[in-house]
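I begin with a term that the later points rely on.

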Amino acid sequence: MVADPEGGGPLDRAPAHVVPVSRSADVETWQLAERLYDGLDALGRYLLIALEDEGMPVASNFDVGDDW
């Protein structure tokens, strides 16, 4: 969460890992993941990073820097 940033960087404070999988014939998994990301980002309470299946970052709502 974005509260009190004491100690460590944002990647040291990630409390959850979510792997969305769509079981709908009308909604692709990437669409579900995009909606989930946008909804959580709109709350303004969470640090988010979206990764491809191979682990490459594709979006974040904070500066991840060059420490990948």
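1. In this note, contact means that heavy atoms lie within 4.5 Å. With neighbours within four places in sequence left aside, Ser22 is in contact with Val27, Glu28, Thr29 and Leu32.

2. The structure is a predicted model, and its confidence deserves attention before any detail is read. The protein averages a pLDDT of 81, and 71% of the residues score at least 70. Among the elements, H1 has the highest mean pLDDT, at 93, while S2 has the lowest, at 88. Where pLDDT is low, the predicted coordinates should not be read in detail.

3. As to the overall architecture, the protein contains 1 helix and 2 strands, and these follow the pattern α-β-β when read along the sequence. Of the contacts between residues at least 6 apart in sequence, 22% join residues at least 24 apart.

4. On burial and surface, buried residues make up 7% of the 68 residues in the protein. The protein exposes about 5700 Å², and carbon and sulfur atoms supply 52% of that area.

5. Is Ser22 buried or exposed? Ser22 has a relative accessible area of 17%, and it counts as buried because that value is under the 20% cut-off. Ser22 is placed in the segment before helix H1, which covers residues 29–43.

6. The polar surroundings of Ser22 can be described from two distances. The side chain of Ser22 reaches the backbone oxygen of Val27 at 2.4 Å, and a polar atom of that side chain lies 3.2 Å from the backbone nitrogen of Ser24.

7. Turning to the helix, H1 has 15 residues and reaches 22 Å from its first C-alpha to its last, which is close to the 21 Å expected at 1.5 Å a residue. Just after H1, Gly44 takes a positive phi of about 70°.

8. With neighbours within four places in sequence left aside, Leu40 is in contact with Tyr46 and Leu48.

9. Finally, how do the two strands pair? Strand S1, residues 49–51, and strand S2, residues 57–60, pair in the antiparallel sense over 3 bridges, and Ile49 stands opposite Ser60 in S2. The hairpin of S1 and S2 has 5 residues between the strands, and in this hairpin Gly55 takes a positive phi near 95°.

How values were computed: Residues numbered from 1 in each chain as written. Predicted model: local features only at pLDDT ≥ 70, side-chain atom pairs only at ≥ 80, totals over all residues. Heavy atoms only, no water. Helix = DSSP H or I, 4+ residues; strand = E, 2+ residues; numbered from the N terminus. Buried < 20%, exposed > 50% of the residue type's maximum accessible area, 1.4 Å probe, protein only. Polar contact = N/O pair within 3.5 Å; in protein donor to acceptor, adjacent residues only side chain to side chain. Areas by Shrake-Rupley, 256 points an atom, 1.4 Å probe, with all protein chains shown as cover. Expected span 1.5 Å × (residues − 1). Pairing = 2+ DSSP bridges. pLDDT = per-residue confidence, 0-100.
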